Amino acid sequence: MNSTAYVVQRRRGCILSANGTVFAFEAWAVDGMDFISFDPESQRWTSQSPSAIPVEQGWNKNTLMNYAYRHFIRVECPQMIQGIKLRPIQQETELRVFAKPIVDTDQALLRCHVMSTDKSVSSVHLIGNGASRASWIIITGPMPAEDGSVILRLTAEISQNRDDTYGCTVQTGSHNTTVFWDGTTLDGRTLLYHSSVLWKMLTVIKVICIVFIITIISCATICLLKCGKTYFFLYQSTELMYK
């Protein structure tokens, strides 16, 4: 069996601008192609396709229907828009700062992750007394997220020196958001704490090794001096006996 299916689409509504101007529309389409449209001012239909001419002629004769259409899109539709209270979108900006250690080095990758519903967010900056010593900085975004928010990322290679401070600041249309790195990774592990403890342990080990080496050298020197004196005393005693 051969059959033809048609998809009929209809758009009817209005747009109310801030100055009170109303733009009304009523349009029909068949299989995605314009078919016929309605002008609410003249209450007349205009065909957009040759096949719509018979429909145009028939609908233009139905003055009662056309008046009802005009009344809806010119009067009722704007009133409905005015009666709808749209909930304003709360502007929120979330800034997270964390780091990931680089294996076999004292460096780390610092990341500042920004997610904001404020579309005015455009840049994020690295701050802190260690910012100028960062090996490199890469900024990605702004990028749109699936929920309509904006994403920005800053990545920098930094030192894990506990004396250096790092943070990020992001500017929006209403305020600035600043967060400093607390020395942790994304999963909460502390980097600066471990590095400082390790440095202290290495320092203590070095001091112990140095003291141990100095002690051994001192003991060896004392033993050699004692042995030398004993040998000299025995040597002199032997000579006296032979004399």
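**Aromatic pairs and their setting**

Reply: Thr-185 sits in the loop that joins strand 11 (176-180) to helix 3 (192-242). The model is predicted. Thr-185 counts as buried because its relative accessibility is 5%, under the 20% cut-off. Leaving aside residues up to four places away in sequence, Thr-185 touches Phe-98, Ala-99, Pro-101 and Leu-191.

Now the rings. A pair of aromatic rings is described by the distance of the centres and the angle of the planes. The count comes to 5 aromatic pairs. In one of them, Phe-38 and Trp-45, the ring centres are 4.8 Å apart and the planes meet at 40°, so this pair is tilted. Phe-38 is buried at 6% relative accessible area, and Trp-45 is buried at 1%. Trp-45 also pairs with Tyr-69, edge-to-face, with 5.9 Å from centre to centre and 75° between the planes. Trp-45 belongs to strand 4 (residues 44-47) and Tyr-69 to helix 2 (residues 63-83), so the pair ties together parts that are 24 residues apart in sequence. Tyr-69 is buried too, with a relative accessible area of 17%. Ring pairs link Trp-28, Phe-38, Trp-45, Trp-59 and Tyr-69 into a cluster.

As for the whole chain, the protein has 3 helices and 11 strands, in the order β-β-β-β-α-α-β-β-β-β-β-β-β-α from the N terminus. Of its 243 residues, 27% are buried. Among contacts with a separation of 6 or more, 51% are between residues 24 or more positions apart.

How values were computed
Residues numbered from 1 in each chain as written. Predicted model: local features only at pLDDT ≥ 70, side-chain atom pairs only at ≥ 80, totals over all residues. Heavy atoms only, no water. Helix = DSSP H or I, 4+ residues; strand = E, 2+ residues; numbered from the N terminus. Buried < 20%, exposed > 50% of the residue type's maximum accessible area, 1.4 Å probe, protein only. Contact = heavy atoms within 4.5 Å. Phe/Tyr/Trp six-rings, centres within 6.5 Å; stacked < 30°, edge-to-face > 60°.
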